[in-house]
Amino acid sequence: MKILFLSAFLPHTAADSAGVLDVAYWLEYLASRHQVSLVSFVSRQDIPYIPRVRSLCANAQFVRQRVFDHRMVYLWETLTSFATRWPAIAWMTRSCSFRKCIRRMLKENTYDVAFVAFTQTMQYL
């Protein structure tokens with residue numbers, strides 16, 4: 001089966017979050033049995049883990065995660081989300097680059113199913 005796997009965080013087994021760790025195990029399990037293509041956001045801290053994650057996938061694309069390096073920027077993003085139809089977490093993870101990666105993969109391949117990890121990633125379906 002061909003699976004398009006979308007994740008808001010790089011799914012790697014050295015993660016310090018139980019949610020990310022669960023998704024990493026799902027990726028490993030699915031990739032051992034199926035052809036998985038991944039689109040994932042990555043942070044600076046994730047960079048050392050990219051080669052391992054890439055080795056699991058038939059195709060992997062990574063998009064830099066937006067960094068809110070100041071509380072006021074984070075507050076502004078949260079407040080502006082109220083003027084949209086988006087929950088704050090989805091508003092803060094909107095990305096044209098992520099959308100373009102998905103479109104490129106869909107042009108190049110057909111998939112049997114999409115696996116969407118984390119609620120904020122649902123906006124890309």
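**View 1. Charges and overall build of the protein.** The 15 positive and 8 negative charges of the protein have mean positions 8 Å apart. Lys and Arg count as positive and Asp and Glu as negative, while His and the chain ends are not counted. Each charge is placed at NZ of Lys, CZ of Arg, CG of Asp or CD of Glu. The model is predicted: local features need pLDDT of at least 70 and side-chain atom pairs count only at pLDDT 80 or more, whereas totals for chains, interfaces and linings use all residues. Residues are numbered from 1 along each chain as its sequence is written, and side-chain values use heavy atoms, with hydrogens and water left out.

The protein has 5 helices and 4 strands, in the order β-α-β-α-β-α-α-α-β from the N terminus. The radius of gyration is 15 Å, close to the 14 Å of the globule rule for 125 residues, so the protein is as compact as a globular protein of that length. Helices (H or I, at least four residues) and strands (E, at least two) are DSSP runs, numbered from the N terminus. The radius is taken over C-alpha atoms, and the globule rule is 2.2 Å times the number of residues to the power 0.38. The C-alpha trace spans about 45 × 30 × 20 Å along its principal axes. Of the 125 residues, 40% count as buried; buried means under 20% relative accessible area, exposed over 50%, and partly exposed in between (1.4 Å probe, protein chains only).

**View 2. Aspartate 46 in a loop.** Aspartate 46 lies in the loop between strand E2 (35–42) and helix H2 (50–56). Its relative accessible area is 10%, so aspartate 46 is buried. Apart from neighbours within four places in sequence, aspartate 46 is in contact (heavy atoms within 4.5 Å) with Leu10, His12 and Phe41. Arginine 64 is 18 residues from aspartate 46 along the chain, and their C-alpha atoms are separated by 9.9 Å.

**View 3. Leucine 106 in helix H5.** Helix H5 (residues 96–108) holds leucine 106. Leucine 106 has 47% relative accessibility and therefore counts as partly exposed. Leaving aside neighbours within four places in sequence, leucine 106 is in contact with Leu4 and Tyr111. From leucine 106 to glutamine 35 the distance is 14 Å, C-alpha to C-alpha, and the two are 71 residues apart in sequence.

**View 4. Phenylalanine 118 and threonine 121 after strand E4.** Phenylalanine 118 lies in the segment after E4, and threonine 121 is found in the segment after E4 as well. The phi of phenylalanine 118 is near 80°, a positive value in a residue other than glycine. Most residues other than glycine have a negative phi. Phenylalanine 118 is partly exposed, at 22% relative accessibility, whereas threonine 121 is buried, at 0% relative accessible area. The side chain of threonine 121 reaches the backbone oxygen of alanine 117 at 2.8 Å; a polar contact is a pair of N or O atoms within 3.5 Å, where within protein one must be able to donate a hydrogen and the other to accept it, and residues adjacent in sequence count only if both atoms are side-chain atoms. Beyond four places in sequence, threonine 121 is in contact with Leu6, Ser7, Ala8, Phe98 and Val116.

**View 5. Glutamine 123 after strand E4.** Glutamine 123 lies in the segment after strand E4 (113–117) and is buried, with a relative accessible area of 12%. A polar atom of the glutamine 123 side chain lies 2.9 Å from the backbone oxygen of glutamine 120. Not counting residues up to four places away in sequence, glutamine 123 touches Trp86, Ala90, Thr93, Arg94 and Arg99.
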